[in-house]
Amino acid sequence: MKDLGLLFLRISSSILMLTHGLPKLQKLIGGDFEFGDPIGIGGTPSLFLAVIGEFLCPILIIVGFKTRWATVPTIITMLVAALIVHASDPFNVKEKAFLFLVAFISILILGPGKYSLDKK
């Protein structure tokens, strides 16, 4: 049952994250590079990193390919969202980023489970 639980955690968390990453990917593909600059590297690089953390890596996590490595950009993205982007917001605004953070840290610690490409 542990492996089914890990599969459910990987897929559900990543699908929910994709709902945040897809609009950013569409923005990037559409040539609209206007984006916040929370860590001081510029809007376009920040958008590119957000797409990696919120779209590309969750796809890798869903299929379980390089799962532990793929969680790292997503974890960093959620740390930036919770502690920098929403730093002055009330906790209920930051809560979503913290929930994602907990889920992806759990995946990092526990690994992908046997129902993954990593275990093939």
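## Close-up views of a predicted model

**View 1. A nonpolar patch on the surface.** Ile39, Ile41, Phe48, Leu49, Leu79, Leu83, Ile84 and Val85 form this patch, with about 690 Å² of accessible area together. Helix H2 (43-63) and helix H3 (67-85) each give two or more residues to the nonpolar patch. H3 has the largest share, four residues. Patch residues have over 30% relative accessible area and no salt bridge, and nonpolar side chains (Val, Leu, Ile, Met, Phe, Trp, Tyr) are joined within 5 Å. A salt bridge is a side-chain nitrogen of Lys or Arg within 4 Å of a carboxyl oxygen of Asp or Glu. Areas come from the Shrake-Rupley method with a 1.4 Å probe. Helices are DSSP runs (H or I, at least four residues), numbered from the N terminus.

The model is predicted: local features need pLDDT of at least 70, side-chain atom pairs count only at pLDDT 80 or more, and totals for chains, interfaces and linings use all residues. Residues are numbered from 1 along each chain, and side-chain values use heavy atoms, without hydrogens or water.

**View 2. Leu49 in helix H2.** Leu49 is found in H2. Its relative accessible area is 41%, so Leu49 is partly exposed (between 20% and 50%).

**View 3. The largest pocket.** About 530 Å³ of space lies here. Of 24 lining residues, the closest to the centre are Glu54, Thr77, Met78, Ala81 and Val85. Helix H1 (2-29), H2, H3 and helix H4 (91-110) each give two or more residues to the lining. H3 gives the most, seven residues. A pocket is an open set of points on a 1 Å grid where a 1.4 Å probe fits, with protein on both sides within 12 Å along at least five of seven lines; lining residues have an atom within 4 Å of a point.

Terms used
Patch = residues over 30% accessible without salt bridge, like charges linked within 9 Å, V, L, I, M, F, W, Y side chains within 5 Å. Buried < 20%, exposed > 50% of the residue type's maximum accessible area, 1.4 Å probe, protein only. Points joined across faces, edges and corners; volume = space filled by probe spheres on them.
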